[in-house]
Amino acid sequence: MSYLHIVKKHPQIIGYGALHYFFSAIGQTFLISVSVPYLLRDMGLTSLGFSNRYAIATISSALVLPLVGGWVDRARLSTLSVLGGLGLITACLFMFFSARYALLLPALFLMRFFGQGSMVLIGSTAIAKFFTKNRGKGLSLASMGLSLAETFMPLIFVGLIGLYSWENAWLIMGAGVLLVFIPGSYLLIRNHLPGQEESGAINNSTPVNDFTRRQVLKDPHFYLTVPVIIFLPFFITGIFIHQNLIAQAKGWTLDWMALTFIGYGVSKVVTSFLGGSLIDRFTARKVLVFYLLPLAVGLIFLAIGEHKVFALVYMILLGMTASLSSLTGVAIWAEMYGPKNLGAIKSMVTTIMVVSTALGPIVLGWALEQSLQVTLYTFSAIILVLILLSYLVVNRKSP
């Protein structure tokens, strides 16, 4: 089934997933970072002081997420969306009052938990549970919501700050959740029945029993898969924060490094459509084997190239890997352990992933300060090891 046919046949569930991906932007780093300079100015914080609060909020939200993961599998989608929307509204209100009532830490916690955590968890789980044969394409279409948010939300937010203030900008974001997200998600999902799946689709992947979270933790292949899945979030968080160290070592300007993000974004969108089709045709486990290869090639180009065009090539290849990672990171758990308890399983993995992203800037920052080339070659070698691990996952026996 083509992407166009999927949209025509299942517009409600695709729209529902995309809406959650889009509004997850409220808790994503790329949007929160826009208001950081104003927070530092008005609250008298240093960059380190904010970073510490942000790390505490991020890790705390990740530790709480598994407690609600199982509920995502059992509750009605409409209920989950309303509660998630109310959580985002509360987060925006806390941010509005944060400078006056010392509410920054709880505001950041609520944003990270309901935005980055719950919104993506609810949207991606709903898509992965509904689609069987077309799971990859469904996830690809829904994730376009986040791509749109990454492209337009920072510009909109900057405009709101210029017209009003950073506090009022967050208040307007909360109003958007109230007026758009909550009624929109309810209207899209009101006719959806619990347990409803894609009709007329035959899943070509090997049937699996539905594992509980406890059974997953007893499966050795889970521990082979997790490092492969969490490597990119760990790496990409650290490398993005320390783009200045790459620019300094290569003699490139930060303006040029920022411009290469256009290549990253375009590559990510284009690869998303290709990746969805590959997952549906070959399964997410087989895509997992080669999803890190573009990044490995990009790191080698970055290590040997001195001309600034190599930065663009590297970012394009990184975008390819990032796109495949976001798709396989959801679909693979449904393939390996069944969709019934997908929310509980994915929330557990998300916790590990978020903790890894907190460590990424520390590890990459130290390594890049020692030697750029050694760091790039070392991580290329690590990717080869992870590819071997993913090969073992592909060749696992069905449970």
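## Basis of the values

Residues count as buried when their relative accessible area is under 20%, as exposed when it is over 50%, and as partly exposed in between, with a 1.4 Å probe and protein chains only. By that rule phenylalanine 109, with a relative accessible area of 24%, is partly exposed.

The model is a predicted one, in which local features need pLDDT of at least 70 and side-chain atom pairs count only at pLDDT 80 or more, while totals for chains, interfaces and linings use all residues. Residues are numbered from 1 along each chain as its sequence is written, and side-chain values use heavy atoms, with hydrogens and water left out.

Arginine 112 lies in helix H7, residues 104-130 (helices are DSSP runs of H or I with at least four residues, numbered from the N terminus). Its relative accessibility is 4%, so arginine 112 counts as buried. A polar atom of the arginine 112 side chain lies 2.8 Å from the backbone oxygen of glycine 27, a polar contact being a pair of N or O atoms within 3.5 Å, where within protein one must be able to donate a hydrogen and the other to accept it, and where residues adjacent in sequence count only if both atoms are side-chain atoms. When neighbours within four places in sequence are left aside, arginine 112 is in contact (heavy atoms within 4.5 Å) with residues including Gln28, Thr29, Ile32, Tyr54 and Ser61.

Helix H5, residues 47-74, packs against H7 at an angle of about 35°, with the axes 8 Å apart; axes are lines fitted to C-alpha atoms over the stretch in contact, and angles run from 0 to 180 degrees between N-to-C directions. The residues of the contact of H5 with H7 divide into 15 nonpolar, seven polar and four charged, where Ala, Val, Leu, Ile, Met, Phe, Trp, Tyr, Cys and Pro count as nonpolar, Asp, Glu, Lys and Arg as charged, and the others, Gly among them, as polar.

Threonine 225 is found in helix H11, residues 220-241, and is buried because its relative accessible area is 0%. A polar atom of the threonine 225 side chain lies 2.7 Å from the backbone oxygen of histidine 221. Apart from neighbours within four places in sequence, threonine 225 is in contact with Leu288, Ile332, Trp333, Met336 and Val393.

H11 and helix H19, residues 372-394, pack at an angle of about 145°, with their axes 9 Å apart. Threonine 225 and His221 are among the H11 residues that make this contact, and Val393 is one of those from H19. By class, the contact of H11 with H19 has 13 nonpolar, three polar and no charged residues.

## Aromatic pairs

Rings of Phe, Tyr and Trp (its six-membered ring) pair if their centres lie within 6.5 Å, and planes under 30 degrees apart count as stacked, over 60 as edge-to-face and the rest as tilted. The count by this rule comes to 18 aromatic pairs. Tyrosine 3 and phenylalanine 273 form an edge-to-face pair, at 5.0 Å centre to centre and 80° between the planes, and this pair links distant parts of the chain, with tyrosine 3 in helix H1 and phenylalanine 273 in helix H14, 270 residues apart. Tyrosine 3 counts as buried at 16% relative accessibility, whereas phenylalanine 273 is partly exposed at 31%.

Phenylalanine 109 and phenylalanine 113 form a stacked pair, at 6.0 Å centre to centre and 10° between the planes. Because these two residues are four residues apart in helix H7, they are separated by about one helical turn. Phenylalanine 113 counts as buried at 9% relative accessibility.
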